[in-house]
Amino acid sequence: MHAMRISEYGGPEVMSWTELPDPVPGPGEVLVRLGVAGVNYMDVGVRTGRAPGWSLPAIPGVEGVGYVTALGDGVQGLAIGDRVAWYYHQGSYAQHLAVPAESLVRVPADVPDETAAAVMMQGLTANHLTTETYPIEPGVTAVVHAAAGGVGLVLTQLIKVRGGTVIGVVSREEKVPVAKEAGADHVIVSSGGGFEDRVRELTGGEGAHVVYDGGGAATFRSSLSALRRHGVHAFYGPLMGVPTLTPAELPNSVLLSHPLVRDHVPDRAALLARTAEVFDLVGKGRLRPVIGARHPLAEAARAHADLESRRTVGKLLLLP
Ligand SMILES: NC(=O)c1ccc[n+]([C@@H]2O[C@H](COP(=O)([O-])OP(=O)(O)OC[C@H]3O[C@@H](n4cnc5c(N)ncnc54)[C@H](OP(=O)(O)O)[C@@H]3O)[C@@H](O)[C@H]2O)c1
């Protein structure tokens with residue numbers, strides 16, 4: 001089988017299409033033939049050596065959908081041919097992979113492969129942000145950074161489903177209609193800081209209840225300034241850069257949070273419950289992930305280069 005492998009950190013070109021022995025499932029593992037792998041910004045962090053918990057050589061990618069082709073000892077409840085999805089399993093840019101059975105969920109029949117792959121990491125993250133990090137309810141105004149991106153579009157849709165108002169931020173004019181189509185009430189074009197005055201204008205001078213900020217250090221200070229008193233700054237994009245500050249610099253009694261999707265999905269029961277919530281929203285047509293581009297797995301470097309250029313919208317997928 002072939003996989004995308006990196007043996008040194010660097011640009012997209014360090015990923016090489018490598019022939020490797022087919023993996024053999026160990027006890028408790030399942031061999032899966034990849035159907036579609038999702039691209040996440042985290043994969044760029046892995047490739048550049050900024051993502052914690054990875055070592056070289058590595059096969060990037062943490063999510064996908066595929067088909068069970070063999071069962072390791074002790075696996076119960078899954079059969080050959082089952083369609084399964086996973087998130088946060090390292091090494092998903094591969095034609096075949098051995099995945100612990102406890103990391104797999106069955107995909108409902110009404111959810112196509114590509115849709116399922118698109119909502120594993122980004123759907124669970126947006127679900128976390130709109131429930132546990134800041135429970136969205138009618139009357140809440142949320143700022144969503146990279147509102148035409150993978151997490152951003154799902155986040156926008158989930159905020160609208162839960163009755164909130166969305167002020168999206170995108171870096172380019174051409175992304176405005178994409179964010180609006182997902183339900184954003186207002187869209188600001190900005191590629192770093194400097195959007196806080198416009199947020200204040202749009203909120204009658206009050207500021208937003210919550211800012212979902214995946215933009216790292218560049219957007220951090222303006223996000224704080226865009227909040228109302230006691231607002232919540234959900235800083236969820238540390239791979240884009242981490243600012244330095246002391247607690248006394250936090251204005252207006254705002255609350256600073258660093259949400260990690262793994263805390264939303266700490267165990268198997270949560271994985272089953274959370275993915276069921278997201279698949280249910282998809283099944284009811286309330287969450288419609290936007291597939292921005294599909295690339296052959298062997299050309300994953302193109303997907304990474306595009307993602308880093310900030311020209312992409314929605315979810316990028318890799319097909320084996
Ligand atoms: N905390 C967690 O558990 C968790 C889980 C999943 C994802 N994340 C984070 O969520 C963020 C979005 O991830 P995603 O996979 O959905 O990616 P994405 O939003 O599809 O793509 C990244 C977007 O971020 C914006 N951006 C700002 N600065 C950038 C830069 N220096 N390089 C590239 N893009 C930049 C771009 O939108 P504009 O050009 O429109 O600004 C770009 O389209 C990332 O920070 C990721 O690490 C965190």
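Strand β14 (residues 291-296), helix α10 (residues 300-309) and β15 make a right-handed β-α-β unit; right-handed means that, with the strands pointing away from the viewer, the path from the first strand over the helix to the second runs clockwise. Helices (H or I, at least four residues) and strands (E, at least two) are DSSP runs, numbered from the N terminus. The model is predicted: local features need pLDDT of at least 70, side-chain atom pairs count only at pLDDT 80 or more, and totals for chains, interfaces and linings use all residues. Residues are numbered from 1 along each chain as its sequence is written, and side-chain values use heavy atoms, without hydrogens and water.

**Exercise 1.** Determine in which sense β14 and β15 pair.

*Solution.* Strands pair if DSSP finds at least two bridges between them. Five bridges join β14 and β15 in the parallel sense.

**Exercise 2.** Classify the ring pair of Phe 220 and Phe 235, and state whether each residue is buried or exposed.

*Solution.* Rings of Phe, Tyr and Trp (its six-membered ring) pair if their centres lie within 6.5 Å; planes under 30 degrees apart count as stacked, over 60 as edge-to-face and the rest as tilted. By this rule there are two aromatic pairs. Tyr 87 and Tyr 88 form an edge-to-face pair, 5.3 Å centre to centre with 85 degrees between the planes. For Phe 220 and Phe 235, the centres are 5.5 Å apart and the planes at 85 degrees, so this pair is edge-to-face. Buried means under 20% relative accessible area, exposed over 50%, partly exposed in between (1.4 Å probe, protein chains only). Phe 220, at 2%, is buried; Phe 235, at 7%, is also buried.
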